[in-house]
Amino acid sequence: MQPTPILPSYVQRLQTASSWWRIAIQLELLFLLFQLLLSTSACSKLEALLAKSFQPDQPAVLSGPPAPPPGPYQWAGVIGTTSDNFSVNPWRGLSFVRSVAYGPAGGIVGVGYGETAENVCTFTDQTRNARVALANNMLSVVDHVDTDGTLYYIASNNNGWDKNNSVYVVARRCSDRELQPFPRGVRANFAGDKAHDNDAGYDGAISLTQKIGGWDPAVVSAQHISGMRVERGNSLLAVCRKNQSTVQFYHKTSGALLSTLRLPAPEKCVFSPSGDFWVITERTVRRYVNRSTRATPAFELQTTITGLQEPVALAMRPNGTLLVQDGGNHQQVKEFQANGQPVGVFPKTPGGNKLSPDVTLSSFLFVNRESLGTQNPGGSDYDKPLGSLDVAPDGSIWLLDAGNYRVMHFSPTWKYLGQFGWLPCHYKIAVDPNNIKRVHSDYMELEVDWTRPIRGGDQTQLAHPTWILKKNWTAQLSRTLSPFLHVVTYTSKGVKRTFAQCHDSDFNKQGWQTEIVELPPAGVARRTGIHIDYGPNTGRNKILYPEGIRWWEITDDGAGNKRQCGYFQPFAGFDRRNNPVFGPVQKKVDFIAQQAKQNNKPLSYGGWNQQDECPVTADGTWISFRAPQMKVGAFQLGGIKPGQTRWAWLALPNKLMTNSQQMVTGFYPAEGSGSDFGGHAGVAVHAVGKYVVCSYDGQNGFFSNQHWLYRQDGKYLGQYGRPSRDQPEFTALNAAPTGYANNTGYSCLLQSGPTLFELTTDEAYFGGIHVHRLEVPAQKLKQ
């Protein structure tokens, strides 16, 4: 920020000051001009004096001044990612890892559906938290990867964006990372329907199936690739199709189809050093022996391992010992000899995070916990078993812990060596106002140290981590419950209990409802059975706050006027079931918020992802935010105090903007601003103490990720966020635009000491939770 010139500022303020102040300013100016010759601090002293002299009465309607923000409102980084650097080579993706392999040339991961991020990346043990992008195809879901040290093998399933229904396998060279067409492969042409898709297709693809003329989920599901592995040191590549009951064996360099093995529902597979083929089928693991040559492989069943609960992936130690990633209620890695005899298990205690929310370095959840991926007739693949593991040439083990969003590295004896990972596209975040260390992203709970600068890297390797993953609350929770919308700790008679507010889809036909769920210090989450209104169907978005429940209601008075009322139920203690009890409903605010035939006031309406909040500031002002865009000249933000009959203040006027306006300070984009400012709407409004923060998500360009900071009296303080997309890092595969977030559909606000932190979601540009640090004057703020 450039310093404000002294004389123009002095002249402007001198003209508006009273006569008494003019004399005082003139005397002080002479003194400061003398000081200027001796000290470079005179400018700041003069500005402080002039600012004190220029304090006009606040107008009833406030607008944003064109000046830059007066304080340091800055992007502080990202929590929930192990990336060493937030701007170069960060781990990110709309989805999380679905497959991991590690060969002589290093590691490779397939990241499902990447949207605008890369869905195939490589890494090494030394650079595991600085991935290198290999490819990004928005038209595919990368479900399986493998490598033999010479080539990377990539198996992609269709996600609905490619109308040719392409399912295929391609290869890239490890040496220069470029596409290596299989000589016996064919051209795979794609037909995308997203404006920013630029993949026309691939040459030399194998195991290709397509249906031209529009997406057909039944075809895609029938041809879905359920497993793929390559021989290391030998010549075969196996491609499994569960719904076709086939395993195809290809020559791994020419791409020639050599033979087909038929068996029930084959899934993940692996080759042994001796050439045996192991495959998961119907919750058993089978070993097949090749009774012919590799030119004409003919596999015969030799061994069947039973007693497994839900095998999800296989890997092979150099000595021929088989590793089986077993899910269900086991969540363990089990080891077997070639004859099927068990020889070990890790960890010793079964259950992992399927039965307990406590996340440790030896607790796993081999389950898919992200819903944006391969589309199929049965709906989302959320909550389905998912695993992947591989043994590196040095014998160490790389394990995908999908449900905890991490890829873990262990020694051959299961000593923990490190990890990488990130929180993928989560549309809900929450912070406990009474315990700000507890930050929730969907069902994941982080413990955050807000007194330290946000640091990148594997937090488990730091003496003083910024954040650690503490809980995974999905254990034992019904899928009908949404991720946590709000989290609050209540205290009564010295007893503290923490509760989350979750949307319960079982109640959709009766109007949207949320259930209050207890998050105990030990054990799984407990459903209380207490439901409160939340959603557009009821017109009441009741929200848990530390003081109790608050919400807005908007009605028509019959004459076209919009009446807005604010209601409150105070927290009154716990009942004998240890559930929270709330007192009688109190109407705190009741006024005509908008006159008939007008549409220019900030009636409380939520955004595209977050329902309207109902924050109250330290002086008792109720804050109302209208997230959807309105016509030019309307106001999106306002405050009202109990007992008043008109707005105390109106702020954040909107304005017609074009893509040439990189940042329009203090204004909200109006309806009709165009795709550069449109696409979605505002996000939400929050208040902590004397401060109010609201934000806007335009998704499609310059105005995405914009935030405004106001004082409780409506005084505009500043605007922050990443306004521009026309920078090199938006197109570079291995870079990320610092401070930019896409589809910031949910936010929350907390205070640590004199500092405010705003947290926002991000759909694809980074992994994790964005944090903006807002330095405000030191004061004792009310949570």
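A search of the whole structure finds 37 salt bridges. A salt bridge here is a side-chain nitrogen of Lys or Arg within 4 Å of a carboxyl oxygen of Asp or Glu. Before I turn to individual pairs, please note that this is a predicted model, in which local features need pLDDT of at least 70, side-chain atom pairs count only at pLDDT 80 or more, and totals for chains, interfaces and linings use all residues. Residues are numbered from 1 along each chain as its sequence is written, and side-chain values use heavy atoms, with hydrogens and water left out.

Let me begin with Arg98 and Asp143, whose side chains meet in a salt bridge of 3.2 Å, N to O. This pair links distant parts of the chain, 45 residues apart: Arg98 lies in the loop between strand 1 (73–79) and strand 2 (99–103), and Asp143 lies in strand 6 (residues 140–147). Strands, and likewise helices, are DSSP runs numbered from the N terminus, with at least two residues (E) for a strand and at least four (H or I) for a helix. Arg98 and Asp143 are both buried. Buried means under 20% relative accessible area, exposed means over 50%, and partly exposed is in between, with a 1.4 Å probe and protein chains only.

Two further pairs may be set beside this one. Lys562 and Asp556 form a salt bridge at 3.8 Å, N to O. Lys562 has a relative accessible area of 25% and is therefore partly exposed; Asp556 is partly exposed because its relative accessibility is 43%. In the second pair, Glu775 and Arg773, the closest N and O atoms are 2.7 Å apart. Glu775 stands at 26% relative accessibility, so it counts as partly exposed, and Arg773, with a relative accessible area of 26%, is also partly exposed. Finally, a network of salt bridges links Asp146, Arg229, Arg232 and Asp390.

I turn now to the chain as a whole. The protein chain contains five helices and 50 strands. Of its 783 residues, 59% are buried. Its accessible surface comes to about 30000 Å², and 52% of that belongs to carbon and sulfur atoms; these areas come from the Shrake-Rupley method with a 1.4 Å probe, and for residues only the protein chains shown count as cover. A contact means heavy atoms within 4.5 Å. Among contacts with a separation of 6 or more, 52% are between residues 24 or more positions apart.

Next, the strands. Strands of a sheet pair through backbone hydrogen bonds, either parallel or antiparallel. In this analysis, two strands pair if DSSP finds at least two bridges between them. An open sheet is formed by four strands in the order 11-12-13-14, with antiparallel pairing. Its edge strands, each pairing on one side only, are strand 11 (227–230) and strand 14 (257–262). Within the sheet, strand 12 (residues 236–241) and strand 13 (residues 246–251) run antiparallel and are joined by six bridges. Val239 stands opposite Gln248 in strand 13.

Where does the bridge partner of Ala313 lie? The partner is Gln325, in strand 20. Strand 19 (residues 311–316) has six of its six residues buried, and it pairs with strand 20 (residues 322–326) in the antiparallel sense over five bridges. The two form a hairpin with five residues between them, and Gly320 in the turn has a positive phi of about 95°.

Gln459 is found in the loop between strand 29 (444–448) and strand 30 (467–472). Is Gln459 buried or exposed? Its relative accessibility is 4%, so Gln459 counts as buried. A polar atom of the Gln459 side chain lies 2.8 Å from the backbone nitrogen of Thr466.

Asp619 is found in the loop between strand 39 (586–594) and strand 40 (622–625). At 32% relative accessibility, Asp619 counts as partly exposed. Its side chain makes polar contacts with the side chains of Thr617, at 2.6 Å, and Thr621, at 2.8 Å. A polar contact is a pair of N or O atoms within 3.5 Å; within protein, one must be able to donate a hydrogen and the other to accept it, and residues adjacent in sequence count only if both atoms are side-chain atoms. Leaving aside neighbours within four places in sequence, Asp619 is in contact with Lys641 and Gln712. Asp619 and Gly689 are 70 residues apart in sequence, and their C-alpha atoms are 8.1 Å apart in space.
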